[in-house]
Amino acid sequence: MKTKKIPMRSCLGCGEMKPKKEMIRVVKAPDGSVSIDFTGKKSGRGAYICREAECFRTARKARRFEKSLSCKIEDNVYEEMENEITEND
């Protein structure tokens, strides 16, 4: 029987490659809004981070979300996303 390929994604915070299901997707919707997508099904440009708050903080400090999603992200959006990650941790 053929083994199923597991999609891997790179974390913006620590740079580790992990299976897609273990990561959190941050998505920029077609309307320009940025949010967290825990389902991985929302339409738009996605970027991935580990489920650890420290990886989120590292990616935020280095502005990796903005580079990956090609947009400016406001501080209040970052704070909302960090609260969602720490609540679901």
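**Ground rules.** I count a salt bridge when a side-chain nitrogen of Lys or Arg is within 4 Å of a carboxyl oxygen of Asp or Glu. This is a predicted model, so I keep local features to pLDDT of at least 70 and side-chain atom pairs to pLDDT 80 or more, while totals for chains, interfaces and linings use all residues. I number residues from 1 along each chain as its sequence is written, and side-chain values use heavy atoms, with hydrogens and water left out. Helices (H or I, at least four residues) and strands (E, at least two) are DSSP runs, numbered from the N terminus. I call a residue buried under 20% relative accessible area, exposed over 50% and partly exposed in between (1.4 Å probe, protein chains only).

**Entry 1: the charge pairs of Arg 60.** With Glu 82, the side chain of Arg 60 meets in a salt bridge at 3.9 Å, N to O. Arg 60 lies in helix 1 and Glu 82 in helix 3, so this pair ties together parts 22 residues apart in sequence. Arg 60 also forms a salt bridge with Asp 75, at 3.5 Å from N to O. Asp 75 is in helix 3 as well, so here the parts tied together are 15 residues apart in sequence.

How exposed are these partners? I find Arg 60 partly exposed at 23% relative accessible area and Asp 75 partly exposed at 47%, whereas Glu 82 is buried at 17%.

**Entry 2: helix 3.** Helix 3 runs over residues 75–87, 13 residues in all, and reaches 18 Å from its first C-alpha to its last. That is close to the 18 Å expected, taken as 1.5 Å times one less than the number of residues. Which residues of helix 3 are buried? I list Tyr 78, Met 81, Glu 82 and Ile 85. They cover an arc of only 100° around the axis, which puts them on the same side of helix 3; the arc is that of the directions from the helix axis to the C-beta atoms. A reminder to myself: an α-helix has 3.6 residues a turn, so residues three or four places apart point the same way.

Contact here means heavy atoms within 4.5 Å. The buried residues of helix 3 pack against strand 3 (24–28), strand 4 (34–37), strand 5 (45–49), helix 1 (53–61) and helix 2 (64–69).

Entry 3: Arg 25 forms a salt bridge with Asp 37, the closest N and O atoms being 3.0 Å apart. The pair links distant parts of the chain, Arg 25 in strand 3 and Asp 37 in strand 4, twelve residues apart. Arg 25 counts as buried at 9% relative accessibility, and Asp 37 counts as buried at 2%.

**Entry 4: Lys 18.** What about a buried charge without a salt bridge? Lys 18, in strand 2 (residues 17–19), is buried and has none. The nearest side chain of opposite charge, Glu 16, is 4.2 Å away; Lys and Arg count as positive and Asp and Glu as negative, with His and the chain ends not counted. Leaving out residues up to four places away in sequence, Lys 18 touches Pro 7, Met 8, Arg 9, Met 23, Cys 50 and Glu 52.
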